[in-house]
Amino acid sequence: MRWIASVCHPEQASFAQRRIRASRAKCRALCDTLIARLARFLIGTLSLLSVAFPLAAETPKELLAAGRVDQAMQTLEQQISTSPTAEAYNLLCRAHFELDNWDAGIPSCEKAVSLAPDNGLYHLWLGRIYGEKADRSSFLTAAGMAKKVRSEFERAVEFSPDSWEARTDLAEFYLEAPGIVGGGKDKARAQAEQLAPLNPAMAHWVKARLAERNKDNAAAEQEYRAAVTASQGGARAWLNLAGFYRHTNRLDDMAQALRTMESSPLDHPGAFVDGASMLSRTGRDYPLAIRLLRRYVASPNTVEEAPAFKAHYLLGELLEKQGDRPAAAEEYRTALAMARSFRRAQEGLKRVAR
């Protein structure tokens, strides 16, 4: 409106401009009021819509995969209190498994099996949690538990014969357990043959473990490398080869295998967490370990086998070793936000908070 100043007396022009500015201010105030009212209306409408059409909640299985174990347990306990199912009990057992609470998880796994006795997956998880309990028991208790482990793994294979996970766990039991509780190399070798058409890489892994048990490290390395080839360079196979190098004290080769794993096809996301743990325990290449963990926790593909809260804890531990206590504290807090009873994160936070 430049014409006002050019045709009016200066005083008239000034007055006219003041009126225009006042008019504009009133318009702005009116617009602000209308926008505020519209915002309140939209908020109220969205609130009603959220009640009528709630957002899809994450399932307990998805929560476990994300490492949010506290939320998963709360959801599962509510489900069990209203409509108990074998699946809910199995998932609750797995939540306790993530927290290393073997004693608390065993009854839920047993309940799942009792409700669905022909489900191979439920037998597999019961065998796994029995195995963890046995590893931390006295000799006599462990011997009795080992028989239960074998029985559950064998039933898992019986009911799910095409499950490579079940056959792998059973083969590992046969490898590690003494004959008195049902172990045996021949049995493990038979499982390797059954695994070959299901998962060739894991069949080579079993054969590699057999060679290690026979103290033939050359044959073992050959089988581990065959697993890398069979998996088309998958992360799981590189991780297993790195584990072999660690066991044989070839720590430089271990670190190199894990560096290769970093850029390999990620057929097993948890390999990043296991690889970082390997580096941490051997005091090798902390920057690589931190990089692997940060990539894992930032990924949408976290998995139940490598709970995100444990990855945050391990990241905090590595940062603490490097002297970055504030960053370590933040990682411990993140872990506890997902699993408030996770003792190692509690202890870590106490250390760095002193």
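## Close-ups of a predicted helical model

**View 1. Asp-100, in a loop between two helices.** Asp-100 sits in the loop that links helix H5 (86-98) to helix H6 (102-115); helices here are DSSP runs of H or I with at least four residues, strands are runs of E with at least two, and both are numbered from the N terminus. What you're looking at is a predicted model, in which local features need pLDDT of at least 70 and side-chain atom pairs count only at pLDDT 80 or more, while totals for chains, interfaces and linings use all residues. Residues are numbered from 1 along each chain as its sequence is written, and side-chain values use heavy atoms, with hydrogens and water left out. The thing to spot is the backbone: phi of Asp-100 is near 65 degrees, a positive value in a residue other than glycine. Asp-100 counts as partly exposed because its relative accessibility is 27% (buried is under 20% relative accessible area, exposed is over 50%, partly exposed is in between, with a 1.4 Å probe and protein chains only).

**View 2. Lys-215, another loop residue with positive phi.** Lys-215 is in the loop between helix H11 (200-213) and helix H12 (217-230). Its phi is near 60 degrees, again positive and again not a glycine. With a relative accessible area of 76%, Lys-215 is exposed.

**View 3. Ala-211, in helix H11.** Ala-211 belongs to helix H11 and, at 9% relative accessibility, is buried. Leaving out residues up to four places away in sequence, Ala-211 touches Asp-216, Ala-219 and Ala-220, where contact means heavy atoms within 4.5 Å. Glu-221 is 10 residues from Ala-211 along the chain, and their C-alpha atoms are 8.8 Å apart.

**View 4. Asn-90, a buried residue of H5.** Asn-90 is part of helix H5, and with a relative accessible area of 1% it counts as buried. Who does Asn-90 touch, not counting residues up to four places away in sequence? Ser-108, Ala-112, Tyr-122 and Trp-125. From Asn-90 to Leu-121 is 31 residues in sequence, but 8.9 Å in space, C-alpha to C-alpha.

**View 5. H4 packed on H5.** The axes of helix H4 (residues 69-82) and H5 come within 10 Å and cross at roughly 150 degrees; axes are lines fitted to C-alpha atoms, for helices over the stretch in contact, and angles run from 0 to 180 degrees between N-to-C directions. That makes H4 roughly antiparallel to H5 (over 145 degrees; under 35 is roughly parallel, 65 to 115 roughly perpendicular and the rest oblique). The crossing is left-handed, as the near helix is turned anticlockwise from the far one by less than a right angle; clockwise would be right-handed. On the H4 side, look for Val-69, Met-73, Leu-76, Glu-77, Gln-79 and Ile-80, which meet Ala-88, Tyr-89, Leu-91, Leu-92, Ala-95, His-96 and Glu-98 of H5. Sorted by class, the contact of H4 with H5 has 9 nonpolar, 2 polar and 2 charged residues (Ala, Val, Leu, Ile, Met, Phe, Trp, Tyr, Cys and Pro count as nonpolar, Asp, Glu, Lys and Arg as charged, and the others, Gly among them, as polar).

**View 6. H8 against H9.** Helix H8 (residues 139-159) packs on helix H9 (residues 164-176) at about 150 degrees, with the axes 9 Å apart. The two are therefore roughly antiparallel, and H8 passes H9 in a left-handed crossing. H8 brings Ala-146, Val-149, Arg-150, Phe-153, Glu-154, Ala-156 and Val-157; H9 brings Ala-166, Arg-167, Asp-169, Leu-170, Phe-173 and Tyr-174. No polar residues take part in the contact of H8 with H9, which has 9 nonpolar and 4 charged ones.

**View 7. H9 against H10.** H9 and helix H10 (residues 185-195) have axes that come within 8 Å and cross at roughly 160 degrees. This pair is therefore roughly antiparallel too, and H9 passes H10 in a left-handed crossing. Residues in H9 that meet H10 include Trp-164, Thr-168 and Leu-175, and their partners in H10 include Lys-187, Ala-188 and Gln-191. The contact of H9 with H10 splits into 7 nonpolar, 3 polar and 3 charged residues.

**View 8. Zooming out to the chain.** The protein chain has 19 helices and 0 strands, and 44% of its 354 residues count as buried. The chain averages a pLDDT of 87, with 84% of the residues at 70 or more; pLDDT is the predictor's confidence in each residue, from 0 to 100. Over residues 1-56 the pLDDT is below 50, and that stretch has 8 contacts in the model beyond near neighbours in sequence. Where pLDDT is low, predicted coordinates should not be read in detail.
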